Amino acid sequence: MQGHSGETHIGSISRATASYIIVLRNKLSDKAINFEVDDSHPLVQQGIVSFQPSCGAMGPSEYILIKCKINGMTNPMIIN
């Protein structure tokens, strides 16, 4: 369907905030590792996606839970 200004409307996008739990696992049984979120990513910089914790260390064979929050109260965009 075409709008008044010529754009194509293909539906609606939810304007909600969603939270997810990510399980991060160190598969190395003999070595600790560090992890860090890429703060230079546009979605992180604009506060659309956030992670807690966003960095840290994990011992050998350790698991950590990371909360990922997605803010849907933004305008849609395309990121290549």
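Contact here means heavy atoms within 4.5 Å. The model is predicted: local features need pLDDT of at least 70, side-chain atom pairs count only at pLDDT 80 or more, and totals for chains, interfaces and linings use all residues. Residues are numbered from 1 along each chain as its sequence is written, and side-chain values use heavy atoms, with hydrogens and water left out.

The protein contains one helix and five strands. Helices (H or I, at least four residues) and strands (E, at least two) are DSSP runs, numbered from the N terminus. Their order from the N terminus is β-β-α-β-β-β. Among contacts with a separation of 6 or more, 60% join residues 24 or more positions apart. The accessible surface is about 6,500 Å². Carbon and sulfur atoms supply 54% of that surface. Areas were computed by the Shrake-Rupley method with a 1.4 Å probe; for residues, only the protein chains shown count as cover. Of the 80 residues, 14% are buried. Buried denotes under 20% relative accessible area, exposed over 50%, and partly exposed in between (1.4 Å probe, protein chains only).

Val23 is part of strand S1. Val23 counts as exposed because its relative accessibility is 52%. Beyond its neighbours within four places in sequence, Val23 is in contact with Tyr63, Ile64 and Leu65. The C-alpha atom of Val23 lies 6.4 Å from that of Ile66, 43 residues away along the chain.

Asn26 sits in the loop between strand S1 (17-25) and strand S2 (33-36). Its relative accessible area is 2%, so Asn26 is buried. A polar atom of the Asn26 side chain lies 2.9 Å from the backbone nitrogen of Leu28. The Asn26 side chain also reaches the backbone oxygen of Lys31, at 2.9 Å. Leaving out residues up to four places away in sequence, Asn26 touches Lys31, Ala32, Ile33, Met58, Gly59, Pro60, Ser61 and Glu62.

Cysteines were examined for disulfides, defined as a pair of cysteine sulfur atoms within 2.5 Å. Zero disulfides were found in the whole structure. Cys68 has a relative accessibility of 8% and therefore counts as buried. Cys55, at 48%, counts as partly exposed.

Key:
Polar contact = N/O pair within 3.5 Å; in protein donor to acceptor, adjacent residues only side chain to side chain.
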